[in-house]
Amino acid sequence: REALSEDQFVLNFQPMISLAGDPNEHYEVLVRMQGPAGETVSPDQFMPIAEEHGLLVELDRWVIGRTILLLAERRKAGKETTLFVKVAPSSLVEGDLHNFIGSQLKAHSVSGAHLVLQLPESKIYTHLRALQAFQKIVASFGCRICLEQFGTSLNSFQMLSHFDPALLKIDRSFIVDLAKNSDSQKKVREFVAEARKLDKQTVAEFVSDASSMTILFSIGVDLVQGNFLAPPGPAMNYDFS
């Protein structure tokens, strides 16, 4: 609560590189908290506490508000930047988040096409009706949905008959040891082939080596991110050229 009231959260950005020839900038927005002594507190530490005490709505609004303001600044600087933001599904149920997003986009003259909202696959069925309604409304602003942790349920593609994200972020468990794991390579290939049939883009995170990059390129993944390419940092200054 103090971090929210005293503006003690900060944003980091990790570039997402297109393997499909898209020249525009893509970053994932990652929130961090500044501790009492100026130390950085990771989301693994503060997110469960925020959820336990019903603060996810306020935190999501803070992050999305700052993200849309940054998009406006990038546009004024002549940058075609798309930002990916994590959203807690529970905050969609409790809060009026869709109206907040719409009002902020309008206030800053930002196209929703540059804002991608990330939701975890594991929470879709739990909040299905609320998420379906949310998706329909934010789509009217031009915003897209990215389904994170994709591939972790028994039948991930069956879920897509009920929920229709534009992007699928393949779960890190398939990517971390991709170069050494033929089973993971086979699964990722299947994911990408099925996603293409459904006209959806695919994202691979936690890319950790050049061999994995080569495999992902040959498979046809659209976007990749990971510390091998660039770790998260406080500035959006990656050279996409």
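Two strands are said to pair if DSSP finds at least two bridges between them. The legends below describe close-up views of a predicted model.

**View 1. Strand β6 and its two strand neighbours.** Strand β6, which covers residues 115-120, and strand β7, which covers residues 144-150, pair in the parallel sense over five bridges. Strand β5, made of residues 81-86, also pairs with β6 in the parallel sense, in this case over four bridges, and here K86 has Q118 of β6 as its bridge partner. Between β6 and β7 comes helix α6 (residues 128-140), and these three elements make a right-handed β-α-β unit.

View 2. Strand β6 is mostly covered, with six of its six residues buried. The side chains of L115, L117 and L119 point one way from the strand, while V116, Q118 and P120 point the other way, and the residues of both sets are buried.

**View 3. Helix α5 and the residue S109 that follows.** Helix α5 spans residues 97-107, and its buried residues are L97, H98, F100, I101, G102, Q104 and L105. The helix is followed by S109, which has a positive phi near 55°, although S109 is not a glycine. This serine belongs to the loop between α5 and β6, and S109 counts as exposed because its relative accessible area is 53%, above the 50% cut-off for that class.

**View 4. D7 in the loop between α1 and β1.** The loop that joins α1 (2-5) to β1 (9-15) contains D7, a residue with a positive phi of about 60° although it is not a glycine. With a relative accessibility of 43%, D7 counts as partly exposed.

**View 5. The buried arginine R32.** R32 is buried yet has no salt bridge, and the nearest side chain of opposite charge, that of D44, is 8.0 Å away. Leaving aside residues up to four places away in sequence, R32 touches Q8, F9, V10, N12, T40, V41, P43, F46 and P232.

**View 6. A buried salt bridge between R74 and E25.** R74 and E25 form a salt bridge in which the closest N and O atoms are 2.6 Å apart. Because R74 lies in helix α3 (residues 56-76) and E25 in strand β3, the pair ties together parts that are 49 residues apart in sequence. Both partners, R74 and E25, are buried.

View 7. The side chains of K86 and E28 meet in a salt bridge with an N to O distance of 3.1 Å. Since K86 lies in strand β5 and E28 in strand β3, this pair ties together parts that are 58 residues apart in sequence. K86 is partly exposed, with a relative accessible area of 38%, whereas E28 is buried, with a relative accessible area of 2%. The two residues also take part in a network of salt bridges that links E28, K86, E148 and K169.

View 8. K197 and E194 form a salt bridge, the closest N and O atoms being 3.1 Å apart. The two residues are three residues apart in helix α8 (residues 182-197), so they are separated by about one helical turn. An α-helix has 3.6 residues a turn, so residues three or four places apart point the same way. K197 is exposed, with a relative accessible area of 66%, while E194, at 31% relative accessibility, counts as partly exposed.

**View 9. The chain as a setting for the close-up views.** The chain contains nine helices and ten strands, and the count of its salt bridges comes to eight. Its C-alpha atoms fill a box of roughly 50 × 40 × 35 Å, taken along the principal axes. The radius of gyration of the chain is 18 Å, which agrees with the value near 18 Å that a compact globule of 241 residues would have. Of these 241 residues, 51% count as buried. Among the contacts in the chain with a separation of 6 or more, residues 24 or more positions apart account for 67%.

Terms used:
Residues numbered from 1 in each chain as written. Predicted model: local features only at pLDDT ≥ 70, side-chain atom pairs only at ≥ 80, totals over all residues. Heavy atoms only, no water. Buried < 20%, exposed > 50% of the residue type's maximum accessible area, 1.4 Å probe, protein only. Right-handed = clockwise from strand over helix to strand, strands pointing away. Lys, Arg positive; Asp, Glu negative; His and termini not counted. Salt bridge = Lys/Arg side-chain N within 4 Å of Asp/Glu carboxyl O. Contact = heavy atoms within 4.5 Å. Rg over C-alpha atoms; globule rule 2.2 N^0.38 Å.
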